[in-house]
Amino acid sequence: MKYAVFIDGSYGITVAFLLGIGWLTFARYRRAVRRLRAVETR
Amino acid sequence: MNENVIATGRMSKTGAWLHYFANPGRFLRFVRPALPWAAAISIVVTVVGIIWGYAFAPADWQQGDASRIMYVHVPAAWVSMSGYAMLAGVSFFSIVWRHPLADLAAEEIGPVGAGFTFVCLVSGALWGKPMWGAYWVWDARLTSVLVLFFLYLGHIALIRAFDNPAHGHRAAAILALVGVINLPIIVFSVQWWNTLHQGNTISFTGSSRIYITMLYPLLVSTVGFYLSFLTLVCARMCAAIMERRTRTLLVAAAERAS
Amino acid sequence: MRGAKKRRLYLVLAIGLCLSAAVGLSLAAFSSTLTFFFSPREVVAKHPAPGMSFRLGGIVQVGTVQTVVNAGTPVTNFRLTDGQASIPVVYSGLLPDLFREGQGIVAIGAMNASGQFVASEVLAKHGSSYMPKDVEQSLKNAGKWNPAYGPPPPASEWNTMQVKGSAS
């Protein structure tokens, strides 16, 4: 595939961003649920 | 606080239904059960769109395989602009009606929108080099999207810059509303000025200058990016509401103990 | 309480109106400097001084591209047109892949004393039409479009066209 570096780079940065922010958001959400449950059941 | 209670009491008043749904607790109750489904659908649609564009869409007659960058660049650009429009919308509600949920939304839209704008800029640069012969040029389209990125960054910084959160929300909302002037400039830049960036391919009023086998993956990818954006923002808002509730409960417990 | 809200609403709307008017006016005033490139017609009308650097944009005129290899570097002569005026351009170096007759390009450089534009950099401006190679071929074979002579026909004629032996 011609221009493979540029195509792979574009898709790479996109997938990296989506996975990164998805993981960060999920982790934050899970932590918020856990902390709230811990405080509520205390 | 007091005005919200009064408004909810009289549902016939304009904007009362908004007050009803703009309650963070109610938002959490409605949105939280939908989040796993929203996340699953977003992931599936986005993955299908990206793989379709990367591997199965036909190469372009003129640009060859480089046109595949379109399937991530264009949705990212659309989402970053719509995200800013949403940011401006919630800022408007924040300034006029002081909805607490609007401030929460503004705080969470910023980082996600900035990320999509960054993806748009980087994938655009990687598209520009092989096609135009330059990573970056200072034409009206590229410059106005860079301004959009800086508006996002300014908003992210401003909304967290004050000791009193209410002041930060007010200042950031004003910035978001002022910056909304940039959106029509981005959209019409390719018509108002000579730019190196191409004109619009997709048209909502006429027929789009794209063959149908390339249009479908573009649409799927766009829907995927939009769903991902909304899911991310909603999940972050839910997390923020729960974090706030945790803080409130801890403070109350500490006061009881003392 | 409702009065305060109404006041805030009108205040925001008024500020928005003033701001958009201000930005709109300044954009209109500065539109010439915001222009990324000049067209051949504007160059013919304005006669930029030789040696003054600017960007020239237009279509590569069909039948004017001549490349000579001079000591290892290709030197290309061609004319840029916007349909009304045309400017001779010379560029030494490798051209972008999309450079061809009928292609929109932007050249960065300056006029020389003999009225020729000496380009130091050539950027290709690709069109906004996307279609697979076989659709382009069948449009060409049907005599509906020649990429060297301008943009494709209205999109409704081809964006759902059936193509024999289409790969996808």
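Across the interface of chain A and chain B, how many residue pairs are in polar contact?

A: The rule finds seven residue pairs in polar contact across the interface of chain A and chain B, both residues at pLDDT 80 or more. A polar contact is a pair of N or O atoms within 3.5 Å; within protein, one must be able to donate a hydrogen and the other to accept it, and residues adjacent in sequence count only if both atoms are side-chain atoms.

This is a predicted model: local features need pLDDT of at least 70, side-chain atom pairs need 80 or more, and totals for chains, interfaces and linings use all residues. Residues are numbered from 1 along each chain as written, chains are lettered from A and ligands numbered from 1 in written order, and side-chain values use heavy atoms, without hydrogens and water.

Now the interface itself. 26 residues of chain A are in contact with 40 residues of chain B (heavy atoms within 4.5 Å). The two chains bury about 2900 Å² between them, 75% of it on carbon and sulfur atoms. That is the accessible area (1.4 Å probe) that two parts lose on being put together, summed over both. On the chain A side, A:Y11, A:R28 and A:Y29 lose the most area to chain B, together 24% of what that side buries.

A:R28 also carries charge pairing. Two salt bridges are counted between chain A and chain B (a side-chain nitrogen of Lys or Arg within 4 Å of a carboxyl oxygen of Asp or Glu). A:R28 pairs with B:E243, the closest N and O atoms being 3.0 Å apart. A salt-bridge network links A:R28, B:E108, B:R236 and B:E243.

The whole structure has eight salt bridges over all chains. One of them is A:K2 with C:D97, at 3.1 Å from N to O. A:K2 lies in the segment before α1 (4-40) of chain A and C:D97 in the loop between β4 (86-92) and β5 (104-111) of chain C, so this pair joins two chains. Helices (H or I, at least four residues) and strands (E, at least two) are DSSP runs, numbered from the N terminus. A:K2 is exposed at 53% relative accessible area, while C:D97 is partly exposed at 46%. Here buried means under 20%, exposed over 50%, partly exposed in between (1.4 Å probe, protein chains only).

Within chain B, B:R68 and B:D65 meet in a salt bridge at 2.9 Å, N to O. B:R68 is buried at 6%, and B:D65 is buried at 17%.
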